[in-house]
Amino acid sequence: MDRTSALKAIADETRMKILTLLLEHNCCVRALARNLELSEATISQHLKILREAGLISGEKHGYFMHYDVKRSVLRELAEEIIALASIERETCTPEKGRCLSSEQEKCHVKGECIDGTENLCHGSIPDDKEDMHHGHCKCHKP
């Protein structure tokens with residue numbers, strides 16, 4: 001599974017609706033088009049993207065191709081997202097090599113942050129990108 005392609009594929013609202021319908025029942029293009037009130041051509045284009053992302057497969061039934069979700073791929077993607085959300089933030093410490101040796105004396109861990117950079121260093125999003133210098137807070141600037 002190409003994670004980026006899969007995430008891009010499910011980022012579209014119509015494709016999410018298609019996946020939801022296919023999770024409930026395997027369907028052909030015509031049934032999906034009727035359910036979503038879209039043209040068969042539009043549905044086919046969305047199915048192509050989902051298929052290329054590895055999220056669905058098709059099986060021929062007579063004249064029609066019936067599509068189904070590859071649940072194992074969807075579960076794998078879900079597990080990766082859960083793992084991503086589980087990453088804990090680490091505090092910058094000289095012991096972990098996060099600060100350059102020349103900056104260790106000024107490290108925010110020692111309480112020397114200036115001008116409200118403690119919020120920046122401890123997780124707030126900076127209002128001004130100038131507050132960052134090579135990935136360190138501005139208390140590390142010479």
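**Entry 1: H1 and H5**

At roughly what angle do the axes of helix H1 and helix H5 cross, and within what distance do they come? I looked this up in the predicted model. The axes of H1 (residues 3-10) and H5 (residues 71-85) cross at roughly 95° and come within 11 Å. On the H1 side, I listed Arg3, Ala6, Leu7 and Ile10 as making the contact. On the H5 side, the contact residues are Leu77, Glu80 and Ile81.

Glu80 and Arg3 join their side chains in a salt bridge, at 2.5 Å from N to O. Because Glu80 lies in H5 and Arg3 in H1, this pair ties together parts that are 77 residues apart in sequence. I also checked how open the two ends are. Glu80 counts as partly exposed, at 26% relative accessibility. Arg3 is partly exposed as well, at 48% relative accessibility.

**Entry 2: stepping back**

Next I wanted the overall layout. I found 6 helices and 2 strands in the protein chain. Read from the N terminus, the order of elements is α-α-α-α-β-β-α-α. The chain has 142 residues, and 32% of them count as buried. I then took the contacts between residues at least 6 apart in sequence: 49% of these join residues at least 24 apart.

**Entry 3: H3 and H4**

My reminder to myself: two packed helices are described by the angle between their axes and by the distance between the axes. For H3 (residues 29-36) and H4 (residues 40-52), the axes cross at roughly 110° and come within 9 Å. H3 and H4 are therefore roughly perpendicular to each other. I noted the hand of this crossing too, and it is right-handed.

Which residues meet here? From H3 I wrote down Val29, Arg30, Leu32, Ala33 and Leu36. Their partners in H4 are Glu40, Ile43, Ser44 and Leu47.

Again a charged pair sits among the contact residues. Arg30 and Glu40 form a salt bridge, with 3.2 Å between the closest N and O atoms. The pair links distant parts of the chain, with Arg30 in H3 and Glu40 in H4, 10 residues apart. Arg30 has a relative accessible area of 41%, so I logged it as partly exposed. Glu40 is partly exposed too, at 36%.

I also stopped in the loop between H3 and H4, where Glu37 is found. Glu37 has a positive phi of about 55°, although it is not a glycine. With 73% relative accessibility, Glu37 counts as exposed.

**Entry 4**

How many salt bridges does the structure hold? I counted 4. Another of them joins Lys48 and Glu52, with the closest N and O atoms 3.9 Å apart. Because these two are 4 residues apart in H4, about one helical turn separates Lys48 from Glu52. Lys48 is partly exposed, with a relative accessible area of 39%. Glu52 counts as exposed, at 59% relative accessibility.

**Entry 4: an arginine without a partner**

Then I looked at Arg15, which is found in helix H2 (residues 13-24). Arg15 is buried and has no salt bridge.

Setting aside neighbours within four places in sequence, Arg15 is in contact with Lys8, Ala9, His46, Ile49 and Leu50.

**Entry 5: a cysteine in a loop**

My last stop was the loop between H2 and H3, where I found Cys28. Is Cys28 buried or exposed? Cys28 is buried, with a relative accessible area of 12%. Leaving out neighbours within four places in sequence, Cys28 is in contact with Phe64, Met65 and His66. I also took one C-alpha distance: Cys28 and His61 are 33 residues apart along the chain, and 9.2 Å separates their C-alpha atoms.

Note on methods:
Residues are numbered from 1 along each chain as its sequence is written. This is a predicted model: local features need pLDDT of at least 70, side-chain atom pairs count only at pLDDT 80 or more; totals for chains, interfaces and linings use all residues. Side-chain values use heavy atoms; hydrogens and water are left out. Buried means under 20% relative accessible area, exposed over 50%, partly exposed in between (1.4 Å probe, protein chains only). Lys and Arg count as positive and Asp and Glu as negative; His and the chain ends are not counted. Contact means heavy atoms within 4.5 Å. Axes are lines fitted to C-alpha atoms, for helices over the stretch in contact, and angles run from 0 to 180 degrees between N-to-C directions. Angles under 35 degrees count as roughly parallel, over 145 as roughly antiparallel, 65 to 115 as roughly perpendicular and the rest as oblique. A crossing is left-handed if the near helix is turned anticlockwise from the far one by less than a right angle, and right-handed if clockwise.
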